[in-house]
Amino acid sequence: MDSTATDRFDASRFEASRNRLASLAYRLLGSATDAEDAVQDAFLHWQAADRQRIKVPEAWLTKVVTNLCLDRLRSAQARRERTVGAWLPEPLLDGDPMLGPADTFEQRESVSLAVLTLMERLSPLERAVYVLREAFSYSHAEIAEILDLTESASQQHLHRARRRITAARRGGGEADPASARRIVEEFLAAASSGRTERLVALLTDDATAISDGAGLTEKLQRYDTPQRIAAVVRAGFKPTPAKRRLAGGTPGIHYARVNGAPAILFVIGDQAIGAVTFDITGGKIATVRGIAAPTRLVRLTEAWRQHGPDAPLITQW
């Protein structure tokens with residue numbers, strides 16, 4: 001095989017792993033953009049390596065991507081950007097290959113916005129061990145090789161990660177999709193009609209709402225009582241000419257699934273301009289997240305354009 005043919009063959013081996021590597025990087029970083037950058041950096045490492053000496057390409061690439069992501073998590077820039085109160089994960093439309101694997105509850109949960117947010121409380125090594133074990137089912141021996149740890153250290157990191165996430169996790173299990181959609185549609189109807197008492201009834205007693213302020217504020221906006229959330233939601237969902245000018249038009253509101261959870265998307269033409277996601281526990285809404293920073297919706301919009309959406313719940317907001 002000549003060098004050109006060898007390069008093509010090696011490139012195809014990398015491409016066969018790209019989606020898995022991207023889903024690993026997304027779980028580690030919580031950002032599709034950063035995950036794509038990490039995978040591209042791994043490709044450059046792959047091209048520069050003596051590939052004849054790489055016995056198990058999948059293992060080698062997993063180690064490279066994991067360590068590239070750890071470098072990003074440890075960087076001074078990342079620490080500034082991801083300070084508590086200033087960061088939300090990037091939402092992805094269900095069906096995006098970056099959300100895989102999704103065969104088990106643990107795999108699906110590891111890519112939920114709730115757990116991606118909770119993983120910010122972990123050290124980079126705890127996060128890496130948690131993702132490699134829970135989402136990709138690597139053994140502690142394999143994780144030790146990837147992270148240059150002992151098996152005992154890997155086990156300890158996993159124990160601490162599970163304990164911290166379990167302690168902070170709200171509710172449990174997966175909401176029935178049909179029930180979740182019904183609750184979200186009720187929420188939207190109440191928000192649109194101004195029925196704040198109905199909004200309060202749909203929320204758990206300890207519900208929280210988080211908004212990125214469309215990227216216009218440095219810190220996230222947080223609301224921690226059902227009454228306050230209902231008032232803010234009612235005000236936010238009330239259309240005005242000023243809001244439409246800011247949005248760039250009159251959006252339709254669609255139901256969607258984002259990171260495995262029910263959501264509504266504000267869409268103008270084929271452009272998603274906002275996403276509101278919901279965590280549902282015991283038939284009520286426990287968490288509402290509003291994400292409208294344009295840089296956080298690029299990949300979701302690309303997927304939406306290929307989605308073939310259902311009719312909007314509200315045609316013109």
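**Crossing of H3 and H8**

I started with how H3 and H8 cross, and the crossing is right-handed. (A crossing counts as right-handed if the near helix is turned clockwise from the far one by less than a right angle, and as left-handed if anticlockwise.) This is a predicted model, where local features need pLDDT of at least 70 and side-chain atom pairs count only at pLDDT 80 or more, while totals for chains, interfaces and linings use all residues. Residues are numbered from 1 along each chain as its sequence is written, and side-chain values use heavy atoms, with hydrogens and water left out.

I looked up what "helix" means here: helices are DSSP runs of H or I with at least four residues, strands are runs of E with at least two, and both are numbered from the N terminus. H3 covers residues 57-74 and H8 covers residues 140-147; their axes come within 9 Å and cross at roughly 60°. That makes H3 oblique to H8. (Under 35 degrees is roughly parallel, over 145 roughly antiparallel, 65 to 115 roughly perpendicular, and the rest oblique.) The axes are lines fitted to C-alpha atoms, for helices over the stretch in contact, and the angles run from 0 to 180 degrees between N-to-C directions.

Which residues of H3 and H8 meet? From H3 I noted Thr 62, Lys 63, Thr 66, Asn 67 and Leu 70, and from H8 Glu 145, Ile 146 and Leu 147. Contact means heavy atoms within 4.5 Å. By class, I got 3 nonpolar, 3 polar and 2 charged residues for H3 with H8. (Ala, Val, Leu, Ile, Met, Phe, Trp, Tyr, Cys and Pro count as nonpolar, Asp, Glu, Lys and Arg as charged, and the others, Gly among them, as polar.)

**H3 again, with H7**

Next I checked H7 (residues 124-134), which packs against H3 at about 145° with the axes 10 Å apart. This crossing is right-handed. On the H3 side I found Thr 62, Thr 66, Leu 70, Leu 73 and Arg 74, meeting Pro 124, Leu 125, Arg 127, Ala 128 and Leu 132 in H7. The class count for H3 with H7 is 6 nonpolar, 2 polar and 2 charged.

**Val 64**

I stayed in H3 for Val 64. Is Val 64 buried or exposed? Val 64 is buried, because its relative accessible area is 14%. (Buried means under 20%, exposed over 50%, partly exposed in between, with a 1.4 Å probe and protein chains only.) Leaving out residues up to four places away in sequence, Val 64 touches Ala 42 and His 45. I also checked Trp 46: 18 residues from Val 64 in sequence, and 8.9 Å in space, C-alpha to C-alpha.

Most residues other than glycine have a negative phi, and most peptide bonds are trans. Then I found Ser 137, not a glycine, with a positive phi of about 55°. Ser 137 sits in the loop between H7 and H8 and is exposed, at 52%. Asp 148 has a positive phi too, near 55°, in the loop between H8 and H9 (151-168). Asp 148 is exposed at 59%. Finally, Gly 100 and Pro 101 are joined by a cis peptide bond, with omega about -10°. I found Pro 101 in the loop between H4 (76-81) and H5 (105-109).

**Whole protein**

I listed 14 helices and 6 strands. Of the 317 residues, 46% count as buried. The C-alpha trace spans about 65 × 45 × 35 Å along its principal axes.
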